[in-house]
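Trainee: Could you walk me through this structure, one step at a time?
Mentor: Gladly, let us look together.

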Amino acid sequence: MDDEYWDTYPETLTTADVAKILHVGKPAVFARLHSGIIPAHQVVGSWIIFKAEIRAWLDSTSNQAPAGPTAVVDVLAAYGDELSYRDLMVLFDKTKPTIYRWLQTSEIPAYHVGNRWIIHKTQLRQRLRETSNQRVDDE
């Protein structure tokens, strides 16, 4: 799968996208998400699946020699130290009401200053680690 192929998909994938990429049904995708085979994050029952993490996972499971060193996946690299609710809408591919609900219920760590939500990248990165379905033994 080359860059041209991956460019047809958004940065945040749906379970239907993953099913299409893997050529399996959605029940198989959900089973693999729950078991941690497919890398993803579960926030309040929603699966957040980042294209970059899926690409890295598929590269790591390939029986072909990698073209180069395995890249570290950082889905937050393109964002500044502070994110807005709009950034979260793009990152998670969720609506404004969903993002606001997650902010108001502290599912996403943030500060409400005046009429503005401020999300610190370091705290969001930690929350993504906490919601990941991947087992991390180094912490």
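Trainee: Which residues of α2 meet K26, V29, F30 and L33 in α3?
Mentor: Contact here means heavy atoms within 4.5 Å, and helices are DSSP runs of H or I with at least four residues, numbered from the N terminus. On the α2 side the residues are T15, A16, V18 and A19.

Mentor: A word on the source: this is a predicted model, in which local features need pLDDT of at least 70 and side-chain atom pairs count only at pLDDT 80 or more, while totals for chains, interfaces and linings use all residues. Residues are numbered from 1 along each chain as its sequence is written, and side-chain values use heavy atoms, with hydrogens and water left out.

Trainee: How are α2 and α3 oriented to each other?
Mentor: Axes are lines fitted to C-alpha atoms over the stretch in contact, and angles run from 0 to 180 degrees between N-to-C directions. The axes of α2 (residues 15-22) and α3 (residues 26-35) come within 9 Å and cross at roughly 105°. Angles of 65 to 115 degrees count as roughly perpendicular, under 35 as roughly parallel, over 145 as roughly antiparallel and the rest as oblique. That makes α2 and α3 roughly perpendicular.

Trainee: What is the angle between α5 and α6?
Mentor: Helix α5 covers residues 85-92 and helix α6 residues 96-104, with their axes 9 Å apart. Their crossing is right-handed (the near helix is turned clockwise from the far one by less than a right angle). The angle is about 115°.

Trainee: Which residues of α6 make the contact with α5?
Mentor: From α5 come Y85, L88, M89 and F92. The residues of this contact divide into eight nonpolar, no polar and one charged. The α6 residues are K96, I99, Y100, W102 and L103.

Trainee: Which strands stand at the edges of the sheet?
Mentor: The open sheet has three strands in the order β1-β3-β2, with antiparallel pairing; two strands pair if DSSP finds at least two bridges between them. Each edge strand has a single partner, so one side of each is left without a neighbour in the sheet. The edge strands are β1 (12-13) and β2 (41-43).

Trainee: What is the bridge partner of Q42 in β3?
Mentor: Three bridges join β2 to β3 (residues 46-50), and these strands run antiparallel. The partner of Q42 is W47.

Trainee: How many residues apart in sequence are the parts tied together by F50 and F92?
Mentor: These two form a tilted aromatic pair, 6.4 Å centre to centre with 35° between the planes (ring centres within 6.5 Å; planes under 30 degrees apart are stacked, over 60 edge-to-face, the rest tilted). F50 lies in β3 and F92 in α5, so the separation is 42 residues.

Note on methods. Helices (H or I, at least four residues) and strands (E, at least two) are DSSP runs, numbered from the N terminus. Ala, Val, Leu, Ile, Met, Phe, Trp, Tyr, Cys and Pro count as nonpolar, Asp, Glu, Lys and Arg as charged, and the others, Gly among them, as polar. Rings of Phe, Tyr and Trp (its six-membered ring) pair if their centres lie within 6.5 Å; planes under 30 degrees apart count as stacked, over 60 as edge-to-face and the rest as tilted.
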